[in-house]
Amino acid sequence: MQKHIVVVGGGFAGINLAKSLGRHPNFKVTLVDKNNYNFFPPLVYQVATAFLEPSSISYPFRKLFAGKKNLFFRLGRLKQVLPEENKIVLDNGELSYDYLVFATGAETNFFGNENIKKHAIPMKTLSDAIAMRNVLLMRMEQASICKNPQEANRLLTMVIAGGGPTGVEISGMFAEMKKGILRKDYPELIGSNGLVYLVDGGKSVLSPMSEKSQTDTMEVLTRLGVKLIMSTHVNDFDGDTVTLSDGMQIQSKNLIWAAGVTAKIFDGIPASWYGRGKRLLVDEYNKVIGSENIYAIGDTALMLSDPEFPNGHPQVAQAAIQQGKLLAKNFKNMATGKSPEGFRYKDQGSMAIIGSAKAVVDLPRPKIHMNGLVAWLVWLFIHLMSLITYRNRARTFWNWTVAYLSRDQSLRMIIKPPDQEDIV
């Protein structure tokens, strides 16, 4: 009899687990997600800045599962877990399981600041990206007819909180857009004072990467005109003024929040099962400690048994992909009476793109640092090949080619549903 595996979350971890179990006779797999599509988070910012269309980095789950008769999709939001009944409650019904796998990723962390949560622009999901694109394009339109120079400056000034890869990449993108695209599309804004600020609490951007990458990145961003504010946090934002921890105030309507993530807490899961950052504590096989048949993979899992990562694995795509694939292998091993394998993370390196033909790459084995055009080409290739289907790769490659050759893109359209009419 087939065992029913319910996977909650269709990100890197969940989709790799489900696909790896496709057509396996011993398992029926149901993937649950609040969206009906998988998307590629590392390129969300390019949708937000109108360099990629949403379909370039997303693909419907049902289309992915077509032809695999043991894979099923359920659109819904998880409301409650009933471990003693082997059942989960969704907003549209219930599901029973033999094994439950949390692959729910992480969500934006506003660190309890309600003002920032209310007024800042998050950039975690595809919906966030589309909303951000609409807001920023509308503010450029408003600035183009604004008669008050101070108000126009607030509309055009961008403050990015968080100096990780996402913050660096979107800062560089905004700086290049200001020098190129805005001059062509908005001749009314030539000579405007809108600036790009990047704020981070650390001493440098890209803190997990090498000092060479940090130095190279800060130098390139400075040349592009980005104002770097390090060792400082964003304390408050009222929709017009960004207040920093050192008392400095920046007049801006645009605070892009890329400062942190946190895992999610679920009704029905005991508090003792959670560790730091609301992540579920798991053993070396990704089974939630204290449970019998519940597993967690990816950003929502906190594994402290890996000798090289005693404080848990980084919340990055490669860790999620590797855990998803190994858990699928272990389910297959258990079905045939074999022993499961313990997880050991294989670090594939870190990278960040800064601008056109500008990037940094750190490879761990052998220890190599790259920057400039070569690093940029490596970044493009890795991200292109990481997209889930050949259609996504073809669309993205075409958009990137057009953008690079023309220094422009034709995707800057404000398209929003009726309930978003008052978003700005």
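Q: Is Asn286 buried or exposed?
A: Asn286 counts as buried, at 2% relative accessibility. The cut-offs are under 20% relative accessible area for buried and over 50% for exposed, with partly exposed in between (1.4 Å probe, protein chains only).

Q: What kind of model am I looking at?
A: It's a predicted model, where local features need pLDDT of at least 70 and side-chain atom pairs count only at pLDDT 80 or more, while totals for chains, interfaces and linings use all residues. Residues are numbered from 1 along each chain as its sequence is written, and side-chain values use heavy atoms, with hydrogens and water left out.

Q: Back to Asn286, where is it found?
A: Asn286 sits in the loop between strand S20 (280-282) and strand S21 (294-296). Helices (H or I, at least four residues) and strands (E, at least two) are DSSP runs, numbered from the N terminus.

Q: And what about the phi of Asn286?
A: The phi is positive, about 70°, although Asn286 is not a glycine.

Q: What's the phi of Arg23 like?
A: Arg23 has a positive phi too, near 70°, and is also a residue other than glycine. You'll find Arg23 in the loop between helix H1 (12-20) and strand S2 (27-33).

Q: Is Arg23 buried or exposed?
A: Arg23 is exposed, with a relative accessible area of 57%.

Q: Okay, new topic. How many cavities of 30 Å³ or more does the structure hold?
A: There are 2. A cavity here is a set of points, on a 1 Å grid over the protein atoms alone, where a 1.4 Å probe fits but cannot get out; a pocket is an open set with protein on both sides within 12 Å along at least five of seven lines, and lining residues have an atom within 4 Å of a point.

Q: How much space lies in the largest cavity?
A: About 60 Å³. For volumes, grid points are joined across faces, edges and corners, and the space filled by probe spheres set on the points is taken.

Q: Which residues line the largest cavity?
A: Ala48, Thr49, Ala50, Arg133, Leu136, Leu137, Met140, Phe174, Met177 and Arg412 do. Helix H5 (126-145) and helix H7 (165-179) each supply at least two residues of that lining, and the largest share, 4 residues, comes from H5.

Q: How many of the residues of H5 are buried?
A: The count is 14 of the 20, so H5 is largely enclosed by the rest of the structure.

Q: Which residues of H7 are buried?
A: Those are Gly167, Val168, Glu169, Ile170, Ser171, Gly172, Met173, Phe174, Ala175 and Met177. Phe174 and Met177 turn up in the lining of the largest cavity as well.

Q: What's the volume of the second largest cavity?
A: About 30 Å³. The residues that line this second cavity are Arg279, Gly298, Ala301, His313, Pro314, Gln315, Ala319 and Gln323.

Q: Let's do sheets. What is the order of the open sheet of 3 strands?
A: The order is S15-S16-S17, with antiparallel pairing. Strand S15 (234-237) and strand S17 (249-251) stand at the edges with a single partner strand each, so one side of each has no neighbour in the sheet. Strands pair if DSSP finds at least two bridges between them.

Q: How many bridges join S15 to S16?
A: There are 3, and S16 covers residues 241-244. Val234 has Leu244 as its bridge partner in S16.

Q: And the open sheet of 5 strands, what order does it have?
A: S11-S18-S12-S13-S14, with parallel pairing. At the edges, strand S11 (121-122) and strand S14 (227-229) each pair on one side only. Strand S12 (residues 158-161) and strand S18 (residues 254-257) pair in the parallel sense over 4 bridges, and the bridge partner of Ile160 in S18 is Ile256.

Q: Last one: what joins S24 to S25?
A: A hairpin, through 4 residues. Strand S24 (residues 358-363) and strand S25 (residues 368-371) run antiparallel and are joined by 4 bridges, with Leu363 opposite Ile368 in S25.
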